[in-house]
Amino acid sequence: MRTLGDDEKGIAGFFEDLPTLLIVLVATTLFLSTMLNTVMTYRDYKETQYIREDLNQFIEEIRNWNYLVLEERGQFAGDRVSSLDADRMKKEFNTTALGYNYRVFIEDRSDYPRQFDKTIHTEEIPDEVEIYSRSSFVTVVDERGNEHLCEMVVSIWAI
Amino acid sequence: MMKLNRDECGQLSLYDALIYFTILLVASTALFFYSFEMERDEDFTRTEEMSKITEETRLSIMRSTVPETTYVDKNGDEIQRENNNVESLIVEKLYLIDKGIESDNISYGEDIERLVDDLLRGRYEWALTAVYVREEESLIRMSLTDENLESGDQSEILEQIDGDIYTSSWDVDMIKGERGHVRMNFILSPVWQVGL
């Protein structure tokens with residue numbers, strides 16, 4: 001059998017072929033699987049990052065929306081929350097061009113008898129779509145000046 | 001050994017294969033660690049997001065009001081608790097303790113704990129500590145916590161929390177006419193990853 005030292009012209013002998021082939025196959029498989037995994041992780045990471053940025057920015061815009069804000073960011077006027085509807089929201093936040101639709105849900109968590117629960121659906125949520133949600137805490141001020149502690153859940157999904 | 005480009009027969013030797021293996025192994029390792037780098041970036045983004053959520057949550061809780069209630073004090077007199085926001089109620093409670101007129105029946109703390117617990121239960125562990133500071137001296141301490149945490153000063157509470165901890169600190173003036181201020185600290189720790 002030819003040894004590695006005898007190989008002067010880079011020609012693999014019969015018994016050298018198998019380990020050579022094996023090493024090349026293992027190395028290639030290992031590299032391709034790592035590359036595939038990295039590409040998929042990168043794609044997921046970017047996709048999640050973009051949609052998370054969109055979601056955070058959208059929440060920030062709602063918290064700062066002049067129509068709702070009474071005095072400070074995240075402090076909403078009760079009568080405005082009560083009269084809020086999908087048309088009003090769509091007029092202000094038309095996110096279709098940005099590639100997503102949304103749903104906003106405000107739940108009054110205070111002990112006051114009058115509650116400011118509100119759900120705004122811009123579009124029906126399609127089946128089997130991935131929905132990204134985040135909660136943000138806001139206050140809603142009623143006509144007597146009481147500030148109701150509320151949870152605002154914003155969900156978005158790609159169109 | 002002949003180099004690949006000089007290999008007249010175009011066939012890989014075992015030695016060439018080992019070099020090929022080493023190069024791909026190094027490349028695979030670099031790619032593998034790049035994935036970790038992305039996870040670290042994601043953790044950083046999540047930390048920024050949580051800091052923001054902590055601040056938003058703190059502001060909303062402190063600003064919210066608790067419905068007015070009547071309490072009976074130590075002497076059996078009825079006290080009408082004003083419809084005040086959470087921050088003012090905490091300051092008022094510290095004032096009452098300082099003046100020695102606080103009673104167990106004046107359960108400002110319980111109302112606030114219940115309100116915040118209802119809001120954050122199952123998602124966050126939370127605590128709120130308040131210290132009445134006058135002339136650089138800490139006079140009275142109080143803490144409000146969720147049902148899983150024991151009351152105590154800030155360091156005692158922090159020791160009980162296993163997860164990531166986010167805090168927000170601020171000062172509030174004492175009731176008008178009184179010297180000193182109240183140093184408050186809001187602690188939030190996500191029980192599971194909130195949001196995405």
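Buried means under 20% relative accessible area, exposed means over 50%, and partly exposed lies in between, with a 1.4 Å probe and protein chains only. Keep that in mind for the side chains that follow.

First, the ground rules. This is a predicted model, where local features need pLDDT of at least 70, side-chain atom pairs count only at pLDDT 80 or more, and totals for chains, interfaces and linings use all residues. Residues are numbered from 1 along each chain as its sequence is written, chains are lettered from A and ligands numbered from 1 in the order in which they are written, and side-chain values use heavy atoms, with hydrogens and water left out.

Let's start with the interface. Chain A gives 50 residues to the contact and chain B gives 48; contact means heavy atoms within 4.5 Å. The size of an interface is often given as the accessible area lost when the parts come together. Here about 4,600 Å² is buried between chain A and chain B, and carbon and sulfur atoms give 61% of that. Buried area is the accessible area, with a 1.4 Å probe, that two parts lose on being put together, summed over both. On the chain A side, A:Tyr45, A:Arg52 and A:Phe137 lose the most area to chain B, together 16% of what that side buries.

Now the polar part. The rule finds 8 salt bridges across the interface of chain A and chain B. A salt bridge is a side-chain nitrogen of Lys or Arg within 4 Å of a carboxyl oxygen of Asp or Glu. The interface also has 19 residue pairs in polar contact, both at pLDDT 80 or more. A polar contact is a pair of N or O atoms within 3.5 Å; within protein, one must be able to donate a hydrogen and the other to accept it, and residues adjacent in sequence count only if both atoms are side-chain atoms.

Which element supplies the largest share of the side of chain A that touches chain B? H1(A), with 23 residues. That side divides into 19 nonpolar, 16 polar and 15 charged residues. Ala, Val, Leu, Ile, Met, Phe, Trp, Tyr, Cys and Pro count as nonpolar, Asp, Glu, Lys and Arg as charged, and the others, Gly among them, as polar.

On to individual salt bridges. Over all chains the count comes to 19. B:Glu56 pairs with A:Arg63, with the closest N and O atoms 3.7 Å apart. This pair crosses between chains, from helix H1 of chain B to helix H1 of chain A. Helices (H or I, at least four residues) and strands (E, at least two) are DSSP runs, numbered from the N terminus. Are the two partners buried or exposed? B:Glu56 is buried at 3% relative accessibility, and A:Arg63 is buried at 1%.

B:Arg121 forms a salt bridge with B:Glu147, at 3.5 Å between the closest N and O atoms. B:Arg121 sits in the loop between H3 and S3, and B:Glu147 in the loop between S4 and helix H4 (154–160), so the pair ties together parts 26 residues apart in sequence. B:Arg121 is partly exposed at 46%. B:Glu147 is exposed at 55%.

There is also a network. Salt bridges link A:Glu107, A:Arg109, A:Glu151 and B:Arg123.

Next, one spot where the chains meet. B:Ser60 is in helix H1 of chain B and is buried, at 0% relative accessible area. Beyond four places in sequence, B:Ser60 touches A:Phe137, A:Val138, A:Thr139 and A:Leu149. Take A:Thr139, in strand S4 of chain A. A:Thr139 is buried too, at 0%. Its side chain makes a polar contact with the side chain of A:Glu147, at 2.7 Å. A:Thr139 and A:Phe76 are 63 residues apart in sequence, and 6.1 Å apart C-alpha to C-alpha.

Last, the cores. A nonpolar core is a set of buried Ala, Val, Leu, Ile, Met, Phe, Trp, Tyr and Cys residues joined through side-chain atoms within 4.5 Å. The largest has 33 residues, and B:Ile61, B:Ile90, B:Leu94, B:Leu120 and B:Met184 touch the most other members. A second, separate core has 27 residues, including A:Trp65 and A:Cys150. B:Ile61 also reaches across: leaving aside neighbours within four places in sequence, its contacts include A:Leu149, B:Val86 and B:Phe186.
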